[in-house]
Amino acid sequence: MPAQKTNSIEVKRVNRNRIYCYLYKKEQLSKQDIAYALKMSLPTVTQNIKELQELGLIEETGTLESTGGRKARAISFKSNARFAIGLDVTKNHISVVLVDLGGNVIENQHFNHPFINRRDYFEEVGRLIRQFVDELHIEHSKILGVGIAVPAIVSEDQQLVTYSPILGFTGGTLKSFAEFIPYPCMLCNDANAAGTAELWSEGEMKDMVYLSLNDTVGGAVLVDGKLCFGKNQRGGALEHMTIVPGGKTCYCGQQGCLDAYCSAHILAESAGGKLENFFANLERGSQRHRKVWDEYLQMLTLATNNLRMIFDCNIILGGHVGSYLDDYIDQLREIAAKRNTFEQDGSYLQVCDYKVEATAVGAALMYITPFIRDF
């Protein structure tokens with residue numbers, strides 16, 4: 001193919017993508033609005049709008065208010081043109097979500113299904129996903145793919161699990177899942193997925209550390225809107241940051257890791273194994289649970305202060321514990337401020353927007369984001 005023709009095709013693709021991304025951020029626009037904003041000719045915009053409509057990615061949604069003369073047709077981004085599925089795989093359960101192009105959760109389901117590294121487990125996961133899609137009557141061609149989040153370190157090509165003592169899946173591969181799932185698939189770390197969802201919801205924020213306070217602790221570091229994986233894909237493994245030298249033994253075998261002090265289990269185990277019971281007891285003024293809570297906050301703020309000193313950005317507290325923190329953030333910030341050399345208010349600590357299924361949503365967004373960006 002001649003270079004000139006190749007360049008022409010690429011220019012056309014870039015223009016189409018610019019129009020699509022611009023519409024994605026707006027509610028309704030006219031062709032004239034788009035041409036003016038993107039400094040394109042009206043014929044170029046008209047041709048690209050036609051192609052995007054034929055692909056089912058945008059639609060006319062009535063008319064705009066007249067500024068004199070004939071009312072312009074309103075053109076809008078079509079959020080239900082494509083979907084992605086997110087899967088949160090944990091030791092004891094599976095969560096599945098369907099997310100549209102706007103990042104909206106259309107449906108979510110939760111299954112009590114313990115992980116077992118066996119063929120019949122992966123076959124059942126595939127069956128659950130097929131059933132999930134069929135029940136929603138979604139066209140298979142509209143599914144971009146399935147993001148599979150696991151509590152594990154995942155290789156750069158997202159094919160191999162390099163470290164997963166929690167699941168006992170070290171050395172496992174994407175193929176185990178993909179064999180039974182009729183859509184493109186990718187593996188991702190659970191905390192990275194949750195951090196991706198939180199970044200999406202924050203909108204303008206580009207730099208953050210996401211601290212996932214689930215049954216196991218995890219973390220994600222995002223700089224300029226991108227995950228920082230590190231040389232060995234272990235960037236953000238905050239759960240193994242040593243906060244008490246020679247302290248409690250972590251599941252990894254080391255002593256004093258953050259996970260041993262700040263997992264949701266620490267709180268739940270003091271209330272019959274249920275986190276909601278812990279916070280209910282705390283709300284009722286239980287002194288025993290207040291003592292556990294005060295010790296927990298001391299360790300948590302020790303970790304967050306270190307993270308603030310290293311990254312100098314906002315720290316988002318998520319996971320199961322994070323979903324309860326709205327009523328306690330002032331107390332947390334007060335303790336954090338006392339540890340901080342430079343700041344007096346601790347306002348860099350924020351509570352997550354996603355209270356439930358952040359990991360599964362973020363896993364789905366692993367397909368949504370590149371589709372929007374690169375279409």
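This report describes the overall fold, helix packing, aromatic pairs and selected residues of a predicted model.

## Overall architecture

The secondary structure of the protein consists of 13 helices and 14 strands. Its radius of gyration is 23 Å, close to the 21 Å that the globule rule gives for 375 residues, so the protein is as compact as a globular protein of that length. Taken along the principal axes, the box filled by the C-alpha atoms is roughly 70 × 55 × 45 Å.

Of the 375 residues in the protein, 50% are buried.

## Packing of helices α6 and α13

Two packed helices are described by the angle between their axes and the distance between the axes. For helix α6 (residues 190-202) and helix α13 (residues 358-374), the axes come within 7 Å and cross at roughly 75°. Angles of 65 to 115 degrees count as roughly perpendicular, and α6 and α13 are therefore roughly perpendicular to each other.

On the α6 side, the contact is made by Asp-190, Asn-192, Ala-193, Ala-194, Thr-196, Ala-197 and Trp-200. The residues they meet in α13 are Ala-358, Thr-359, Val-361, Gly-362, Ala-363, Leu-365, Met-366, Ile-368 and Thr-369. By class, the residues of this contact of α6 with α13 comprise ten nonpolar, five polar and one charged.

## The buried residues of helix α12

Helix α12 spans residues 329-339, and its buried residues are Ile-329, Leu-332, Ile-335, Ala-336 and Ala-337.

## Aromatic pairs

The count of aromatic pairs comes to 18. In one of them, the rings of Phe-115 and Tyr-121 have their centres 4.8 Å apart and their planes at 65°, so the pair is edge-to-face. Tyr-121 also forms an aromatic pair with Phe-122, again edge-to-face, with 5.4 Å centre to centre and 85° between the planes.

Elsewhere in the chain, ring pairs link Phe-278, Phe-279, Trp-293, Tyr-296, Tyr-324 and Tyr-328 into a cluster.

Ile-19 lies in helix α1 (residues 3-24). Its relative accessible area is 0%, so Ile-19 is buried. With neighbours within four places in sequence left aside, the contacts of Ile-19 are Ile-34, Leu-38, Met-40, Val-45, Asn-48, Ile-49 and Leu-52. Glu-54 is 35 residues from Ile-19 along the chain, and the C-alpha atoms of the two residues are separated by 15 Å.

Thr-63 belongs to strand β1 (residues 58-63). With a relative accessible area of 42%, Thr-63 is partly exposed. Beyond its neighbours within four places in sequence, Thr-63 is in contact with Lys-71, Ala-72, Arg-73 and Ala-74. Thr-63 and Leu-29 are 34 residues apart in sequence, and their C-alpha atoms are 9.4 Å apart in space.

## Residues with positive phi

Most residues other than glycine have a negative phi, and most peptide bonds are trans. Which loop holds Gln-158? Gln-158 is located in the loop between β7 (153-154) and β8 (161-163). Although it is not a glycine, Gln-158 has a positive phi of about 60°. Gln-158 is partly exposed, its relative accessible area being 25%.

Asp-312 is likewise not a glycine and has a positive phi, here of about 50°. Residues over 50% relative accessible area count as exposed, so Asp-312, at 57% relative accessibility, is exposed.

Key:
Residues are numbered from 1 along each chain as its sequence is written. This is a predicted model: local features need pLDDT of at least 70, side-chain atom pairs count only at pLDDT 80 or more; totals for chains, interfaces and linings use all residues. Side-chain values use heavy atoms; hydrogens and water are left out. Helices (H or I, at least four residues) and strands (E, at least two) are DSSP runs, numbered from the N terminus. Buried means under 20% relative accessible area, exposed over 50%, partly exposed in between (1.4 Å probe, protein chains only). Contact means heavy atoms within 4.5 Å. Rings of Phe, Tyr and Trp (its six-membered ring) pair if their centres lie within 6.5 Å; planes under 30 degrees apart count as stacked, over 60 as edge-to-face and the rest as tilted. Axes are lines fitted to C-alpha atoms, for helices over the stretch in contact, and angles run from 0 to 180 degrees between N-to-C directions. Angles under 35 degrees count as roughly parallel, over 145 as roughly antiparallel, 65 to 115 as roughly perpendicular and the rest as oblique. Ala, Val, Leu, Ile, Met, Phe, Trp, Tyr, Cys and Pro count as nonpolar, Asp, Glu, Lys and Arg as charged, and the others, Gly among them, as polar. The radius of gyration is taken over C-alpha atoms; the globule rule is 2.2 Å times the number of residues to the power 0.38.
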